[in-house]
Amino acid sequence: MFRAATRKSLVLALGSGSLLLAGQAHGQAKLATGSQPAMPTEWLDADTGHRVVRLTPADGANQSFYFHNRPFVSGAGGDWMVYYHTDEQGKQLRKLNLKTREVQPLTRYFRQVSGEIVAPKRREVFYQTADTVYATHVDTRKTRLVYVFTADFKASITTLNADETRLGGAWGSDAEKEIYRQYPEKKDYFRRIYDAKLPRTLFTISTQGGQLTKLFTDNAWLNHVQFSPTDARLLMFCHEGPWELVDRIWTIDTKTKQVTQVHKRTMEREIAGHEWFAADGKTIWFDHQLPRGATFFVTGTDLKTGKQRKYELTRDEWSVHYTSSPDQKLFAGDGGYPTSVAHSPNGQWIYLFRPEGDKFKAEKLVNLGKHNYQLEPNVHFSPDGKWIIFRANFEGQSQVYAVELAKPAS
């Protein structure tokens with residue numbers, strides 16, 4: 001059940017329990033996830049026994065952020081999560097209280113909005129609509145103009161540095177934009193853009209507005225741009241394209257402009273990708289296959305020493321995206337579909353991974369057999385590390401869910 005105020009000042013409350021202060025699960029229904037068109041607000045996954053909660057109200061489509069963009073901000077009222085909401089009026093950003101499950105709108109409706117960057121120290125969310133970048137305060141909803149891209153440099157923001165003074169992103173040429181326009185499906189544009197070898201430029205913008213700095217240009221598909229969570233000068237990016245053909249993972253010092261390769265391949269058709277920073281910024285982790293589709297690892301490169309740690313997992317446990325917990329002791333994955341690179345016949349799960357020696361010990365948390373992986377689940381650990389938050393469409397529309405890591409007492 002939820003209650004709604006006027007559309008103009010929407011406030012929603014879901015359920016009576018709390019997310020981060022886990023309540024009793026006695027008497028909850030044990031159901032196959034996605035077994036009915038409308039699942040209850042909470043249930044126990046019949047295949048895993050773990051408690052699953054739908055966080056977002058079913059008043060439209062809702063999506064959590066991409067796996068390496070942290071959506072959380074803390075305050076006196078608890079931890080809040082920012083997410084996207086779409087309905088017949090358009091698209092907006094909302095915030096959800098992870099303790100009370102209260103939902104409030106952050107932005108007005110736009111036809112399109114992107115960027116999904118939360119600044120927890122500034123208590124702002126940065127986002128972009130068309131060529132304009134805005135920042136909205138998560139408490140007051142006061143909105144300010146940050147930057148307007150010029151006609152000769154239309155680009156997109158994707159990341160924020162550790163001291164929250166610079167936004168980062170990549171610019172693509174008009175020729176690249178035309179490929180996207182003609183071939184909007186990833187299966188159609190992906191190889192075309194890689195083969196075109198068009199120029200791309202990494203850049204930063206002051207969060208106070210008015211200053212754009214061009215960092216680095218290459219005739220390569222520079223993508224997946226992420227700032228370090230602890231080093232305000234360090235920016236990670238990739239060479240996008242078929243992973244077995246690219247030297248993918250790089251960093252750049254935004255002050256000295258020094259570019260460093262993070263991982264060098266050791267065999268033909270080796271792949272490394274979907275990289276992310278550990279919470280302390282000391283390690284870059286990535287999906288690692290030796291070679292593509294044969295053996296599967298999550299590998300981390302220590303940025304100071306260059307030494308690597310590899311954790312092996314099985315074909316079924318391979319995931320489209322992985323992530324690591326705030327305390328860096330656990331990992332999670334969002335599984336994969338049969339036609340993905342692992343070609344797993346039974347990979348559609350939300351997974352928890354515990355490092356044991358040089359392998360992962362996997363635990364299945366949610367059965368996503370009824371989920372369509374055209375929408376990638378993109379897992380996040382909750383701020384307290386007790387839940388995995390993900391998006392899924394097994395109820396028809398995309399919604400945001402959480403699964404509790406601890407099983408309820410029987």
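## Charged pairs and a helix with a buried side

Glu178 counts as partly exposed, at 30% relative accessibility. Keep in mind that this is a predicted model. The side chain of Glu178 meets that of Arg181 in a salt bridge, 2.6 Å from N to O. Arg181 is exposed, with a relative accessible area of 58%. The two sit three residues apart in helix 1, so about one helical turn separates Glu178 from Arg181.

In general, side chains of opposite charge can pair when their charged atoms come close. The count for this model comes to 20 salt bridges. Here are three of them:

| Pair | Closest N and O atoms |
|---|---|
| Glu244 and Arg292 | 3.2 Å |
| Arg248 and Glu275 | 2.8 Å |

Arg248 lies in the loop between strand 19 and strand 20, while Glu275 is in strand 22, so that pair links parts of the chain 27 residues apart. Both Arg248 and Glu275 are buried.

Now for helix 2, which runs over residues 186–196 and has Tyr189, Phe190, Ile193 and Tyr194 buried. These residues cover an arc of only 125° around the axis, so they are on the same side of helix 2. Helix 1 is included in what covers them. Just after helix 2, Lys197 takes a positive phi of about 50°.

How values were computed: Residues numbered from 1 in each chain as written. Predicted model: local features only at pLDDT ≥ 70, side-chain atom pairs only at ≥ 80, totals over all residues. Heavy atoms only, no water. Buried < 20%, exposed > 50% of the residue type's maximum accessible area, 1.4 Å probe, protein only. Helix = DSSP H or I, 4+ residues; strand = E, 2+ residues; numbered from the N terminus. Arc of directions from axis to C-beta. Contact = heavy atoms within 4.5 Å. Salt bridge = Lys/Arg side-chain N within 4 Å of Asp/Glu carboxyl O.
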